[in-house]
Amino acid sequence: MADELKIPAEKRTEFGKGAARRIRRADKVPAVLYGHGTPPLHLSLPGHDTMLALRHSNAVLTLDVEGESHMALAKDVQRDPIKRFIEHVDLVVVRKGEKVTVEVGVHIEGEAAPETVVTTDYNALEVEAPITSIPEWLVVSVEGLEAGTQILAGEVELPDGVTLVTDPEALVVNVSQQVSEEALEAELAEAEAEVGIEQEESDDDAEAADGGESEDEAEGGEDTEAKDD
């Protein structure tokens with residue numbers, strides 16, 4: 001289930017890129033809290049505690065904002081593309097007892113039948129869940145499944161109280177027959193042969209076009225000579 005962690009937070013009155021850089025230099029994270037019709041609340045969060053709290057998606061935080069308690073869901077976490085530290089967090093106000101729509105990752109476990117390949121078409125599914133009972137993963141077992149087996153979104157087991165939002169007919173997992181090395185080589189040889197044929201046909205067409213132009217030029221030359229006479 002989603003983590004619920006207490007985080008101390010401070011209100012901030014400075015905004016803009018310069019203010020955000022100063023906050024991050026102080027090992028804090030700029031954030032904004034909004035939702036439920038309340039005005040946006042601009043905050044700074046402790047860097048280390050926030051990083052630990054947001055290790056998993058759909059983290060639920062209990063923010064202590066200068067003595068006031070706010071329950072919030074991490075909606076969008078922006079990270080530095082190289083160093084991966086948290087640059088900014090968007091938080092949504094939530095209430096105990098309410099349900100939220102979130103994306104939950106699909107975790108594949110088990111081994112399919114020998115000589116098969118397991119392909120995951122959906123790495124996450126959208127579900128509606130109670131705010132205090134958001135699953136961390138949706139587990140899909142492929143243990144012993146034979147080639148040709150398909151698992152649709154509607155067939156994925158969900159915890160109690162969690163309902164599927166993604167199209168139930170969406171293909172989540174596909175188990176197919178593994179292609180042998182000999183078959184791969186045969187397909188490659190066939191593809192190369194087709195490319196060779198296409199190239200030959202292209203060359204023939206180019207030669208034919210060149211030949212036609214030469215004949216036209218020759219005919220034009222004869223006419224010119226006749227006129228010169």
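Student: Before we start, what counts as partly exposed?
Tutor: Partly exposed means a relative accessible area between two limits: under 20% is buried, over 50% is exposed. Keep in mind that this model is predicted.

Student: OK, T132 then. Buried, exposed or partly exposed?
Tutor: T132 has a relative accessible area of 39%. That falls between the 20% and 50% limits, so T132 is partly exposed.

Student: Where is T132 placed?
Tutor: In a loop. T132 lies between β9 (124–130) and β10 (137–141).

Student: How far is T132 from V94, C-alpha to C-alpha?
Tutor: The separation is 9.8 Å. Along the chain, T132 and V94 are 38 residues apart.

Student: Switching to strands. How do β2 and β3 run, parallel or antiparallel?
Tutor: Antiparallel. β2 covers residues 28–35 and β3 covers residues 38–46, with 7 bridges joining them.

Student: What's in the turn there?
Tutor: β2 and β3 make a hairpin with 2 residues between them. H36 sits in that turn and has a positive phi of about 55°.

Student: And which residue faces L33?
Tutor: L41, in β3, stands opposite L33.

Student: Next, the sheet with β13. What's the strand order?
Tutor: β8-β13-β11, an open sheet of 3 strands with antiparallel pairing. The edge strands are β8 (116–120) and β11 (150–152), each pairing on one side only. From one strand to the next, the twist averages 10°.

Student: How many bridges join β11 to β13?
Tutor: 3 bridges, linking β11 to residues 171–177 of β13. L152 stands opposite L171 in β13.

Student: What holds paired strands together in general?
Tutor: Strands of a sheet pair through backbone hydrogen bonds.

Key. Residues are numbered from 1 along each chain as its sequence is written. This is a predicted model: local features need pLDDT of at least 70, side-chain atom pairs count only at pLDDT 80 or more; totals for chains, interfaces and linings use all residues. Side-chain values use heavy atoms; hydrogens and water are left out. Helices (H or I, at least four residues) and strands (E, at least two) are DSSP runs, numbered from the N terminus. Buried means under 20% relative accessible area, exposed over 50%, partly exposed in between (1.4 Å probe, protein chains only). Two strands pair if DSSP finds at least two bridges between them. Axes are lines fitted to C-alpha atoms, for helices over the stretch in contact, and angles run from 0 to 180 degrees between N-to-C directions.
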